[in-house]
Amino acid sequence: MRVFYLELKRILKTRLTWILLLASLAMTLLMAWLPTTFVEVDGLKGLAAVRRLKDLQADTAGEVTPGKLEEALAAYQQCLKEYGAETVGGLPDDVRTRRILPLTGVLHGVNEVYADPDTGIGRGLPNIDPAELDGYYDACRARLAALMRMEQKDHPAAQAEAARLYEKVETPYHFYPGFNSDAMDYQVLLGFVLTLFAAVIAAPVFSSDYQTGADDIQRCMRHGRFTLGAAKAGAVLLVCGAAFSVCMALYIVISDSLFGWETVKTSVQMLYSATMLADMTVFELQCFMAGTGLLSLLASVGLTVFLSARIRTTVAALAAALFSCVLPVFVYFTAPERAGLWLRSLIPSSGVAGIQAGMLYTMLDYDFLNVGAFALWLPKAMAAATALELPLFAAAGVWSYVRHRLR
Amino acid sequence: MPCIRSRSSYVDEHEPGMEENKKMELQIDHISKSFKDKRAVDDVSMTLTPGVWGLLGANGAGKTTLMRMIAGIMEPESGQIRYDGLPIGTLKGRYREIFGYLPQEFGFYPEFTVKDYLEYAAALKGLPARDTKRRIRELLEMLSLSDVYRKRIVRLSGGMKRRVGIAQALLNEPELLIMDEPTSGLDPGERVRFRNLLSEFAKDRVVLISTHIVSDVEYIATRNAVMKDGRLIAEGTTEELVKLVDGKVWQCVIPAERLPEYERRLRVVNLRNEADGRVSVRYLAESAKAARKLYMESDGAEENAGAAPVPASPRLEDLYLWLFPQDTAHDAAGTLRRPGTDRHPAAGHDRVSGSARGAENGGGNA
């Protein structure tokens, strides 16, 4: 324990660690605030626009019942009819703001749910009969089934698994206006930046000792092998994990305070796809992203610790660690689909690797790992893999350090 | 030197082996190690017993490789190292508990102060927290580091850094202390203090110091081992070893103008300017005939030939230079130590031989 404490103290005394921890804090504050600046409503920007949007959509807040949807769509179509417009683009700006904008939040998923089941092309809100919305949640299930038939044509197990997951989603959905999905994207980006910082902190943990020769001395000391190796791995995991947890918690608190704590009670289906498979509110999604992000970051640090124990120079260890962090992005864009999915589920940093290759967009998707009659939703596979990889890589790192010999 | 606890307490009483056969004997048994095409250590065998052991050899002789294998950070290709009869690989933590090591390159964390580093090392060595401060204070005083206790190591001079390295090696009062070039970077006063410290420390411990600064071990080494090209070529007490060059060390006083010829044709160990424009030369020669050859080639007049060569009593440095002639022949850049250049009080300036220019060590033996 004393060795662990001293190692922790050593890492925290390193100038680079302090610079990166302060940078993490600054990035957190900046990235939590930035999404509010993207909101524009009725000539207003920033937090004033958020408040205006909340006011405009206040009447639609709460449970998204079929009746409420029916009423909203009827009002939407009535407005177009009154002004002889085929689309909202044909409406005067003030009319669009006063009469259409209050309805768009609650009608978020309607066009998607009533899309053509074969082509997936939406019919457009003016062309959907409000009476059809009476069976909105049945239509959601039907839409998901049609989507899965397209996405997982040869995998009935995946189709069944998707239906099973969606059955757990609480309906009717809830909608509370004001939250912006950019805030979720920025949370993901923050996780990625923190993972890169963690790689920089963790990469020298063993390799710098090899490079400077400090290892030669420490290795000859009573606790200089397993105890020191475990203390080093544990300390760097603790520092990086604690920094990530603090920054993520701070991000969520700031972001939700700016947008309003009631807004994050919104069902994720009212922010993203109406048939999204996760049974969560926005707040739960934020926490889930933070939790899986933490797991992914720790697994990435575990991998970095392992690389550091295997590589003899700090620069090479750092390069390898940073490459491992961005690897999921390369895999996402370059690997063949099936192999890409397996690789993404196995790479520790997949959970935090940017926007498209990361956990959030994987949750919005309908990708499954299919093995015969068994299908596993990719986000679950990624989370499970990182939970296994964390102790595996950390232990492999310590083992490699203990076994390290000059040849 | 004050002790924190008896050395026996470093060994787990429940683990048999070392404590039962307590002899403090490190047996190096037919150790070999190669790197690519170079045989770094070639079938070395020796048994280290309590006392100071000097490991002499030129650069690349295999000293560091041998020490790393003794430290357990490098695996021998063949052979075995045993401590009190047990292979060090099987003793693991119990071996490291009684072991102190200072490598040639002293690596440390740049953010550490002397205090941070010694506390960190003490924890790794398993010193109880309550004894750590006292032990560190003792070592700081002993090694004149008290004034820089809170300074970052990276800001210290080379000699001070070396002393911090020595301090960490001594922290746990090791039974077996291995130091690779411990005096490099120390000034003459520090080297003398270090030698005295080590002499006292080694009374009932095994201490192995590698060096090519012969004077560092000449006065304190119980025994010496000499390595060349990876092989152990000589082993014995200083007195036993210097007998190997008995009759091969000569000295004479010559006119200064004859010096270049002496330097070209003989292995000059040391030069000293005399007050009358002459030079006292100490050199190595295989036989009396070879030693007198240059003198005999002159016309015999005292003012031209100088005084006739006479045998000098050999020293460990003479043996070293006899065994490693390249150290006298290729030292012009000053990167290797000089064989010995003295300053005569009356001469008022240094006379540096062309073959041994610019080094600072090893003087005083003309």
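Predicted model: local features only at pLDDT ≥ 70, side-chain atom pairs only at ≥ 80, totals over all residues.
**Domains of chain A**

Chain A divides into domain 1 (2-37 + 180-403) and domain 2 (45-175); the bounds come from an automatic or database domain assignment. I took the centres over C-alpha atoms: 35 Å separate domain 1 of chain A from domain 2 of chain A.

I noted the ground rules. Residues are numbered from 1 along each chain as its sequence is written, and chains are lettered from A and ligands numbered from 1 in the order in which they are written. Local features need pLDDT of at least 70, side-chain atom pairs count only at pLDDT 80 or more, and totals for chains, interfaces and linings use all residues.

**Domain contact**

I then checked the contact (C-beta atoms, placed from the backbone, within 7 Å). Domain 1 of chain A gives 23 residues and domain 2 of chain A gives 30 residues. On the domain 1 side, helix 2 (15-37), helix 12 (226-259), strand 5 (368-371) and strand 6 (374-377) of chain A each supply at least two residues. Helices (H or I, at least four residues) and strands (E, at least two) are DSSP runs, numbered from the N terminus. Strand 6 of chain A has the largest share, three residues. I sorted that side by class: eleven nonpolar, ten polar and two charged residues. Nonpolar means Ala, Val, Leu, Ile, Met, Phe, Trp, Tyr, Cys and Pro; charged means Asp, Glu, Lys and Arg; the others, Gly among them, are polar.

**Chain B against chain A**

I moved on to the chains. Here 27 residues of chain B contact 23 residues of chain A. Helix 1 (63-71), helix 3 (93-97), strand 6 (99-102) and helix 4 (114-124) of chain B give two or more residues each to the chain B side. Helix 4 of chain B leads with five residues, the largest share. I find 14 nonpolar, five polar and eight charged residues on the side of chain B that touches chain A.

Note on methods: Contact = placed C-beta atoms within 7 Å.
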